[in-house]
Amino acid sequence: MNAKILEIENLTVSFDGFKALNDLNFSMEPGELRVIIGPNGAGKTTFLDIITGKVKPTEGRVLFKGRNVRSLSEHQIARLGIGRKFQTPRVYLNLSPRENLEIACNRNKNLLSTLFKRTPIAERRTVSGLLETIGLVPKADLKANLLSHGEKQWLEIGMLVAQSPDLLLVDEPVAGLTDEETEKTGELLMSLAESHSIIVIEHDMEFVRQIARQVTVLHQGSVLCEGTIDEVQSNPQVIEVYLGREMEEDMHAVS
Ligand code: ADP
Ligand code: MG
């Protein structure tokens with residue numbers, strides 16, 4: 001039995017000779033909420049792409065729940081229990097949050113029958129539970145195009161959760177959100193972390209501080225360091241490659 005939910009071993013991904021990921025090693029326990037940070041171009045999106053099977057390793061391997069996913073399609077990997085939240089919300093804008101969640105609970109059934117047949121009681125309960133988790137009970141029956149950007153993000157997170165993934169991958173969930181929405185997103189992810197393993201990629205350091213227990217810093221396609229947010233922020237190498245750069249940017253913004 002393999003205890004880890006995710007193990008990545010000596011992983012290299014080359015694009016025409018350029019190593020977007022370079023001999024990367026990473027592992028995660030079930031139930032962890034892990035935040036990954038790193039400067040632009042560090043390989044963060046590619047890292048998610050190899051977990052979901054969108055990109056295949058040039059060298060090395062990815063084990064999900066102990067299983068090598070190399071020969072599986074993106075679709076098959078998703079069905080093993082990996083859900084990915086993209087930066088732009090993918091929800092049906094002309095349907096309500098409730099209908100969106102009903103569809104997500106019924107991915108394998110026909111869309112029209114989901115909309116026009118009576119929903120079984122157990123499923124209605126699941127949907128109302130999800131609406132509560134994502135804080136959209138008061139807006140459950142409005143069309144999704146009336147939701148704020150943050151509310152659409154939560155709806156999409158709810159739609160992923162509806163499919164009961166073991167591992168949730170979330171790419172920059174608070175980009176473009178208000179401070180209040182950012183904080184609520186943090187609370188949502190922390191509550192989901194009680195029953196899921198979650199990887200969050202994020203730039204917003206204040207948000208990282210709100211949610212992070214363990215942080216992994218990527219730099220030039222490899223893991224530069226791992227630790228608590230305080231450990232990571234005081235690591236001289238990190239300060240040099242990442243926080244230093246951010247501080248420089250802040251200083252430019254001030255001057
Ligand atoms: P991040 O998300 O950390 O900003 P990415 O994973 O998007 O970084 O990219 C890492 C590096 O790999 C970048 O230098 C990027 O230009 C390069 N890269 C990413 N995808 C491709 C691709 N399909 N072809 C060529 N180069 C790529
Ligand atoms: Mg990226």
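Modeller: Let's start with Asp49, which is found in helix α1. Helices here are DSSP runs of H or I with at least four residues, strands are E runs of at least two, and both are numbered from the N terminus. Before we go on, this is a predicted model, where local features need pLDDT of at least 70 and side-chain atom pairs count only at pLDDT 80 or more, while totals for chains, interfaces and linings use all residues. Side-chain values use heavy atoms, with hydrogens and water left out, residues are numbered from 1 along each chain as its sequence is written, and chains are lettered from A and ligands numbered from 1 in the order in which they are written.

Biologist: Okay. Is Asp49 buried or exposed?

Modeller: Asp49 counts as buried because its relative accessible area is 9%. The cut-offs are under 20% for buried, over 50% for exposed and partly exposed in between, with a 1.4 Å probe and protein chains only.

Biologist: And what does the side chain of Asp49 make a polar contact with?

Modeller: With the side chain of Arg84, at 2.8 Å. A polar contact is a pair of N or O atoms within 3.5 Å; within protein, one must be able to donate a hydrogen and the other to accept it, and residues adjacent in sequence count only if both atoms are side-chain atoms.

Biologist: How many residues of α1 are buried?

Modeller: 8 of its 9, so to speak mostly covered. Among them are Lys44, Thr46, Phe47 and Leu48. Just after α1, Gly53 takes a positive phi of about 85°.

Biologist: Switching to the ligand. Which residues surround ligand 1?

Modeller: The shell includes Phe15, Phe18, Ala20, Pro39 and Asn40, along with Lys44, Thr45 and Thr46. A residue is near a molecule if one of its heavy atoms lies within 4 Å of it. By type, the shell divides into 5 nonpolar, 5 polar and 1 charged.

Biologist: Where are the polar atoms around ligand 1?

Modeller: A polar side-chain atom of Thr46 lies 2.6 Å from an oxygen atom of ligand 1. A polar backbone atom of Lys44 is 2.8 Å from a ligand oxygen, and for an N or O atom in the side chain of Thr45 the distance is 2.9 Å. Taken alone, ligand 1 exposes 560 Å², and the protein buries 58% of that. Those areas come from the Shrake-Rupley method with a 1.4 Å probe; for residues, only the protein chains shown count as cover.

Technical notes:
Ala, Val, Leu, Ile, Met, Phe, Trp, Tyr, Cys and Pro count as nonpolar, Asp, Glu, Lys and Arg as charged, and the others, Gly among them, as polar.
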